[in-house]
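Please walk through this model from its loops to its helix packing. Keep the sequence and the 3D view side by side.

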Amino acid sequence: MSIKIYGAMLSPYVRKARLALGFKGLEYETIPVIPLGDDQPEEFKANSPLGKIPLAYIDDIWLPDSSVILAYLERTRPDPALLSDDPKLAARALWFGEYMASKMVPVVGGHLFAELILAPNLFNRESNWEEIELAKNVEIPEIFDYLETQLESDFLVGDDFGHADLCVGGAFLTMRHCEVACDASRWPKTAAYIKRVHALPLFEQTFAEEMAFRSAMVGG
Ligand SMILES: N[C@@H](CCC(=O)N[C@@H](CS)C(=O)NCC(=O)O)C(=O)O
């Protein structure tokens, strides 16, 4: 049976799973699920105990959680690899996945995207501009400051695109939806890095699909 991903197109965690599937050249079907309310498909309710997206159905097993999905894909479809065979490089890449979840998503997803795009278009309420300004002026610069100290080559870990770039670059697509850019005069390595990752065909295609979804469903 084909791979299924349950979730909402604009979720950074669903995007993470979709990017990994795309990177590995795997076909999949997306089943739209909004984790609010009560009208999710029965199989989602039965197999996502935390009620979060994404949920995947792969090889006849249910996998909740984007990190679990990526770990399973890496073991069952190792080529092309997202993680290095070198345990130290792999651990560093996994750290950036954690950084994406603990720092980047709450800021670019929770404070910026949710308030700027989702509040007026989906939640039918006014944006909280304090949160947007906090994200733009304080929290996102903190992320840029940190990444500027971490970038030693074209990609975050080693010389090649991998797990870390998928997670961090994916979260930055949320920022791109909000048309917030990285100032190259202040963070030259980070600005160039974001440009480089987002120019990859996988990211271009993913962003284009998300924009098409936004136009159709959220009204831009
Ligand atoms: N650790 C989870 C986090 C997933 C997550 O928090 N997804 C959000 C949407 S972006 C969600 O489902 N929120 C609904 C909820 O928390 O009830 C993963 O990596 O998949």
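Predicted model: local features only at pLDDT ≥ 70, side-chain atom pairs only at ≥ 80, totals over all residues.

In which loop does P54 lie? P54 sits in the loop between helix 2 (42-47) and strand 3 (55-58).

Start with the peptide bonds. Most peptide bonds are trans, and most residues other than glycine have a negative phi. The bond from I53 to P54 is cis, with omega near 5 degrees. P80 belongs to the loop between helix 3 and helix 4.

Phi comes next. D59 is not a glycine, yet its phi is positive, at about 50 degrees. Look for D59 in the loop between strand 3 and strand 4 (61-64). Is D59 buried or exposed? D59 counts as exposed, because it has 10 C-beta neighbours inside 10 Å and the cut-off for exposed is 12 or fewer. E179 is another residue other than glycine with a positive phi, here near 55 degrees. The loop between helix 6 (163-177) and helix 7 (188-198) holds E179. E179 has 7 other C-beta atoms within 10 Å, so E179 is exposed.

Now the ligand. Which residues surround the ligand? The shell consists of S11, P12, Y13, P35, G51, K52, I53, P54, D65, S66 and S67. I53 and P54, the two residues of a cis peptide bond, are both among the residues around the ligand. By class, the shell has five nonpolar, four polar and two charged residues. Two helices contribute to the shell: helix 1 (12-23) and helix 3 (66-76) each supply at least two of its residues.

Those two helices also pack against each other. The axes of helix 1 and helix 3 are 9 Å apart, at an angle of about 10 degrees. Helix 1 and helix 3 are therefore roughly parallel to each other, since angles under 35 degrees count that way. Helix 1 brings Y13, K16, A17 and A20 to the contact, and helix 3 brings S66, I69, L70 and L73. Six of the contact residues are nonpolar, one is polar and one is charged. Y13 and S66 take part in this contact, and Y13 and S66 also belong to the ligand shell.

Stay with L73, in helix 3. Is L73 buried or exposed? L73 is buried, because 21 other C-beta atoms lie within 10 Å and the cut-off for buried is 20 or more. Leaving aside neighbours within four places in sequence, L73 is in contact with A20 and K24. The C-alpha atoms of L73 and A17 are 9.5 Å apart, although the two residues are 56 residues apart along the chain.

Go on to strand 1 (residues 3-7), where I3 lies. I3 has 17 C-beta neighbours inside 10 Å, so I3 counts as partly exposed. Not counting residues up to four places away in sequence, I3 touches L21, L26, E27, Y28, A56, Y57 and I58. I3 and A199 are 196 residues apart in sequence, and their C-alpha atoms are 27 Å apart in space.

Two further helix pairs remain. Take helix 4 (residues 87-121) and helix 5 (residues 129-150): their axes come within 9 Å and cross at roughly 155 degrees. That makes helix 4 roughly antiparallel to helix 5. The crossing of helix 4 and helix 5 is left-handed. On the helix 4 side, the contact uses K103, M104, V107, V108, H111, L112, E115 and L116. The helix 5 side uses E131, I132, L134, A135, E139, I140 and I143. The residues of the contact of helix 4 with helix 5 divide into ten nonpolar, one polar and four charged.

How do helix 6 and helix 7 cross, and at roughly what angle? Their axes come within 10 Å and cross at roughly 95 degrees. Helix 6 and helix 7 are therefore roughly perpendicular to each other. D165, G169, F172, L173 and R176 of helix 6 meet I194, V197 and H198 of helix 7. This contact of helix 6 with helix 7 has four nonpolar, two polar and two charged residues.

Technical notes. Residues numbered from 1 in each chain as written. Axes fitted to C-alpha atoms, helices over the stretch in contact; angles between N-to-C directions. Helix = DSSP H or I, 4+ residues; strand = E, 2+ residues; numbered from the N terminus. Parallel < 35°, antiparallel > 145°, perpendicular 65-115°, else oblique. Left-handed = near helix turned anticlockwise from the far one by under 90°. Contact = placed C-beta atoms within 7 Å. Nonpolar A, V, L, I, M, F, W, Y, C, P; charged D, E, K, R; others polar. Near = placed C-beta within 6 Å.
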